[in-house]
Amino acid sequence: MIFENSLSFAQQQDRQDELSVFRDKFHFPIINDQRVLYFTGNSLGLAPKSAKEYVNAEMDEWAKWGVEGHFEAKNPWVSYHEILTPASAELVGANESEVVCMNSLTTNLHLLFVSFYQPSQHRYKIISEAKMFPSDRYLLETQVKHHGFSPDDAIIEVAPREGEHLIREEDILAAIDNHKDELALVFLGGVNYFTGQLFDMEKLTQAAHDVGALAGFDLAHAVGNVPLQLHDWHVDFAAWCTYKYLNGSAGNVGGIFVHDKHGNNTELPRFGGWWGHNKERRFLMENTFEPMSGAEGWQLSNVPIMGMAVLKSSLDIFQAAGIENLRAKSLQLTAYLEFVFNDIVSQFSNIELEIITPTEPEKRGCQLSVKLVGTDKSFFKALTEAGVIADFREPDVVRLAPTPLYNSFEDVYLFGQTLKSLLAGWQDE
Ligand SMILES: *Cc1c(COP(=O)(O)O)cnc(C)c1O
């Protein structure tokens, strides 16, 4: 498509956009009497207007039934997590038996590592990307130490080459090959949180399997952003949070995927809790743990109904929109942001702003990461003051994520205008 950096073009795109109706289903923050330009769905998604109704419905059930709500509520609490499964399975491309919502992301990854990182003296290494999200890095560090290995030896980080920002997949494949006899696991972010780079999860999973290792992914930045086919890609396990693109509210429950080839193996080591126990016999209070088959067999505790009610409100919106439709819009919207950004930035020479996210649409989701070369964090602060909610990651990157669910082409155009006036008045200190 030929883009134009004009209001009329942007508004024309919005009129043709069948997903534009979903924008009105979310609350946009109003800060200093100004409705902000919100590009931070990759950090905390916006509040669905319907969430209150979903929560109030459960508050009413609680008032009406007390403890009996576990069985008598319209959506009985004892099985409430099950109503989140169909939409979650659709988003990650899984069978319903392969998915469950529970706990939070880092907790879930540790629980999955109990089952899927069982190193031996000879096979104990983990390949991951350099500069992982800190929580994932702490996960790897403490897991390898827990098994008596040294992080320096056991964690193989694949970094961008000198002078580059992105990790070349060929370098990950080479690392897999180099360490093939000692490799236990390949563990990566499906979409890198810092650069927005989308990895070929199918290819990397295949490469891990070819050398006898397993493959797992942190999908915090992938779920609800790009379509996934975890089952068909033969991914062994994955986990995600629901408060970023999924708009599930801050700190809400996460989700896990366990491929059926493992999920149905109830002999697989794991940590147990009563919610993962055979649900027909859960309330018999027996002594011996008998895991359910499927991802549900990794659950520990009964579930937080209020949080899950919020998540349900958002997943219902996702199902109505459809992840393939969202991706189709997202490809256009992100390309439009790239176009507008480059168009404005090329008019100025007082500052160097560089997009480090891959330029190929199939190698990224909706996030564009901008490196502030000729300036510092004060530029980001000025952007915030001008009504753009983006985020800053140390040392020098601003992340902008136009989400297809609630961002418009007009948002992108207006962002460009804000950027333009900021650059026009910008003086190096
Ligand atoms: C957001 C994010 C997390 C956050 O983990 P929590 O356990 O939900 O606090 C972890 N890893 C990645 C890659 C993330 O993007």
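Helix axes are taken here as lines fitted to C-alpha atoms over the stretch in contact, with angles running from 0 to 180 degrees between N-to-C directions. In the predicted model, helix α12 (residues 323–345) packs against helix α14 (residues 409–424) at an angle of about 20°, and the two axes are 9 Å apart. Because angles under 35 degrees count as roughly parallel, α12 and α14 are therefore roughly parallel to each other. The crossing of α12 past α14 is right-handed. On the α12 side, the contact comprises K329, Q332, L333, Y336, L337, V340, F341, I344 and V345; these residues meet F409, V412, Y413, F415, G416, L419, K420 and L423 of α14. By class, the contact of α12 with α14 contains 13 nonpolar, two polar and two charged residues.

Helix α2 contributes A51, Y54, V55, E58, M59 and W62, while α11 supplies I305, M306, A309, V310, K312, S313 and D316. Nine nonpolar, one polar and three charged residues make up the contact of α2 with α11.

At the level of domains, the protein chain is divided into domain 1 (7–47 + 324–428) and domain 2 (54–320). The C-alpha centres of domain 1 and domain 2 lie 29 Å apart, and their contact takes 33 residues from domain 1 and 24 residues from domain 2. Between them, domain 1 and domain 2 bury about 2300 Å², of which 61% is on carbon and sulfur atoms.

Key
Residues numbered from 1 in each chain as written. Predicted model: local features only at pLDDT ≥ 70, side-chain atom pairs only at ≥ 80, totals over all residues. Heavy atoms only, no water. Helix = DSSP H or I, 4+ residues; strand = E, 2+ residues; numbered from the N terminus. Parallel < 35°, antiparallel > 145°, perpendicular 65-115°, else oblique. Left-handed = near helix turned anticlockwise from the far one by under 90°. Contact = heavy atoms within 4.5 Å. Nonpolar A, V, L, I, M, F, W, Y, C, P; charged D, E, K, R; others polar. Domains from an automatic or database assignment. Buried area = accessible area lost by both parts, 1.4 Å probe.
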